[in-house]
Each structure stands twice: as structure tokens, then as C-alpha cells.
Amino acid sequence: MDAIDIIVTKRGGGRLSAEQIDWVVDAYTRGLVADEQMSSLAMAILLNGMTRGEISAWTEAMIRSGDRMDWSGLDRPTTDKHSTGGVGDKITLPLAPTVAACGAAVPQLSGRGLGHTGGTLDKLESIPGWRAALSTDEMLRVLRSTGAVVCAAGTGLAPADRKLYALRDVTGTVESIPLIASSIMSKKIAEGTGALVLDVKVGSGAFMKSVADARELAETMVAIGADHSVRTVALLTAMDQPLGRAVGNAVEVAESVEVLSGGGPEDVVELTVTLAREMLAAAGLQGGKDPAEALRDGSAMDVWRRMISAQGGDPEAKLPVAAESHEVSAPATGVLTRLDAYGVGLAAWRLGAGRARKEDPVSAGAGIICHAKPGDRVTAGQPLLTLYADDPSRFERALQALDGAVEVGTGGAPDLLPLIIDRIG
């Protein structure tokens, strides 16, 4: 095999064989193919695409580059969820214990936030004592005792993807749908889950801005799941406004606990229940306890407390609160027609809730509370947003990010995407 031949084949719009894909992914992982060569191949894939067979083979090669987890020793079926990321997307927190309370096991390997999108691990690390790094044996122990675990992926899981992802980030090839799909699915399949539900976000605060692009990504990932015998379903969901009312780390944990207590914002509850039902159905557990009942009767909260405690956290501890706050008032009286997810996410990032580089620290208490959502009537001067930061000098740049993100009109309700746009699979 020769890297140049493979690059030229894809550059010319040709189809790569499974053998070529196996070789180039393995050789790149082991350092035998240079970054410059893999950059050229990634650009050729971005420009010319891949067939379903190529994408499936690429995903399999990345899975084989590392470990594959096995949960067959559990006494209940496994099911997992992956979100493509958004603003205020704390759904994993109430979702994992809810699904576990209904009879499934949820081995959830999650990530940290980067840029305007939040990270599940950053949110959970705002809970005193909670730890993200678990060995496989520890994960199994938590799963057996609680039914759900949320933790960081180890370095042995799809190392080819980790190396290629960093390269795509600096070579303008992040947007390739075949590479996005295989990146997500290689890690999720290597996790060893028996069923997978994908939450593909659409809108200004999402990676996919259009329904058409999100649908293409969802269809590609569902096909990869089918090719690897993992029952996979995808929902396209709205991310044109923040999900829920809290955006940040500790503030999103607090909102998640509200949902687990039987309350919380309607959109967070609706998406949690919808995804939970899909996860249970994919695991073959439809017809049993309903997720909405698990939230009402306290059984989901019981699992949450055990899950947090099993990973060293104190579910009763007070959450961190930022030292400083600043209110943003409604500019006029009327109907809030726009609360742009990207602008709010960018502001939360600038307040300290997110990071620009993977190694940057985050503030547990920084974030934003939205007192109104699009469609609500507001009065000039009433609090619209409360910004939280440890350092008051951060407010100025956060307010700049919100410039144009908030609009109040005198007409009727705004034209918004439905929360659940479509289902694929």
C-alpha cells in the first residue's frame, strides 16, 4: 500500500477499498503516514465524499485502532445517547438516571465543552467530589450498582479518531459529513452499547445549521450503526434558542435536578422523556415503566443520587455560585421573538463557562439564566437574562456577544423550529 496512491484515488473521485482504508488508518495511527498526507486525504474526502461502504469501512478501521468495551456481563440491556452539541444541552444529566430507572443500563462516555457548546463532564465536575476518570472495572461496578455511569473516555478508545480529529481541526476539514459521522460512531460503537439514540441538533447554536445537513448526518450515522449491528435511531432537534433556561455548568446541574424532582423547563422535560422512550425502545424495553413516571415518582432521582455518589460526588452538596452577576433587561415591551442560541452560548463561554482550548480551565459558577424564552411577553426594563462570572471584567465581552442576539417585537409569536423536527431510523 502507498499513501500517495490512496490520496490520488480519492482526489480523482474514486472509491477506496476496505483494504486501502484499513491500511491508511492503521499506518496513520502508528505514525507511518505523515500528517501532511492524511491532511490531503481528509481534504479529498471533504470535496468528493465517501460511499456508504467506504464510511462503514473507515469507521471499522478506527474502532479496530483501539479497545472495544464489552458489557455482556450485565443483567440488563445497554443503551446510550449521543448529542452533537448545543447551548444549554444538559439532557444527559436527567436522561441517564431516568433510563436506568426504567430498566436499561446506560454506559455514557462524555466529553468536555469547547467554544460555545457546553460539555457534560464540565457540568458534572461542578458537583463537589465528582470525578470523571474511571477505569473499565470502575465503570462496570457503577453500572451494576446504579444502572448508569457518565464518565470520560479512556485513551484506548478509537485512538485513530482522536489523532485524526485534531488534524481535521487545523486543516479546514471538520465539516466533512463522512468524517464527522465516522468520528462519532467509531467512539460510540467502541463503547460497546447495544443500542444508540442520536440527538442531532439543528440551528444557530448547533454545528449543523440547516435541517438538510442535519438529516444527511443523521442518515449517515444511522447507516453506520446498522452496518455494525448497533440498533441506531436519530432525532433532529432544535437548537435555534438555548435548551431550557440555564446555560453554564453548575446552573445546568441545578436545572437538571429540578427536572429529576418532577419540575423544570418544559422543553428539557419533553426532550428527556422523548429520548428516554427512544433509548428504551431501541434496547427492546418498550412497554415497561414510562420515563415520565420515573421523573414523577422519584425513581430517576434515586438513581441520580446513587450515580453521583458512586463517582465520589455529594448529591446533597451546595453547587458553586459565581461571585458576580449582571442583569440584561428587555429593551422594549412586546413579544420576545429572538434569543439566539449561538449568541447566548458565546456569552456564557466568555463569562468563563467554556474554553477556547482543551487544556483551558472552566468556571463552575459562570453562566446565564434566561428569564424569558421566545414567544413570551416581556415588559421594557424587566430582567431578561442574568449573567454570572467570577471576574466582573468578563461582562463587557459577554454583552458584546449578546449584541443582536435578543429581539423584541410587537407582532405575534415568532416562527420557531419545533423541538422535535424529525425522526430517522
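Student: Let's begin with a strand. Which residue in β9 is the bridge partner of Ala-246?
Tutor: The partner of Ala-246 in β9 is Ile-369. Before we go on, this is a predicted model, where local features need pLDDT of at least 70, side-chain atom pairs count only at pLDDT 80 or more, and totals for chains, interfaces and linings use all residues. Residues are numbered from 1 along each chain as its sequence is written, and side-chain values use heavy atoms, with hydrogens and water left out.

Student: Thanks. How many bridges do β6 and β9 pair over?
Tutor: Three bridges, in the antiparallel sense, with β9 covering residues 367-370. Strands here are DSSP runs (E, at least two residues), helices are H or I runs of at least four, and both are numbered from the N terminus. Two strands pair if DSSP finds at least two bridges between them.

Student: What order do the strands of that open sheet have?
Tutor: The order is β6-β9-β11-β7, four strands with antiparallel pairing. At the edges sit β6 (246-248) and β7 (324-329), each pairing on one side only. From one strand to the next the twist averages 15°; axes are lines fitted to C-alpha atoms, for helices over the stretch in contact, and angles run from 0 to 180 degrees between N-to-C directions.

Student: Which strands does helix α11 touch?
Tutor: Helix α11 (residues 250-260) packs on the sheet and touches β6 and β9, where contact means heavy atoms within 4.5 Å. The direction of α11 makes about 140° with that of β6. There is also helix α15 (residues 341-353), which lies across β6, β9 and β11 (383-389) and runs at about 140° to β9.

Student: What about the three-strand sheet, what's its order?
Tutor: That open sheet runs β10-β8-β12, with antiparallel pairing. Strand β8 (residues 334-339) pairs with β10 over two bridges, and Gly-334 has Val-378 in β10 as its bridge partner.

Student: Switching to side chains: is Ser-83 buried or exposed?
Tutor: Ser-83, in strand β1 (residues 80-83), counts as buried because its relative accessibility is 15%. Buried means under 20% relative accessible area, exposed over 50%, and partly exposed in between (1.4 Å probe, protein chains only).

Student: And which residues does Ser-83 touch?
Tutor: Leaving out residues up to four places away in sequence, Ser-83 touches Asp-89, Asp-199 and Lys-201. Its side chain makes a polar contact with the side chain of Asp-89 at 2.6 Å. A polar atom of the Ser-83 side chain also lies 3.1 Å from the backbone nitrogen of Gly-85. A polar contact is a pair of N or O atoms within 3.5 Å; within protein, one must be able to donate a hydrogen and the other to accept it, and residues adjacent in sequence count only if both atoms are side-chain atoms.

Student: Now the backbone. What is phi of Ala-158?
Tutor: It is near 45°, a positive value in a residue other than glycine. Most residues other than glycine have a negative phi. Ala-158 is in the loop between β3 (148-152) and α8 (159-169), and is buried, with a relative accessible area of 1%.

Student: Where does Ser-229 lie?
Tutor: Ser-229 is in the loop between α10 (211-227) and β5 (231-238). Phi of Ser-229 is positive too, about 60°, but Ser-229 is exposed, with a relative accessible area of 68%.
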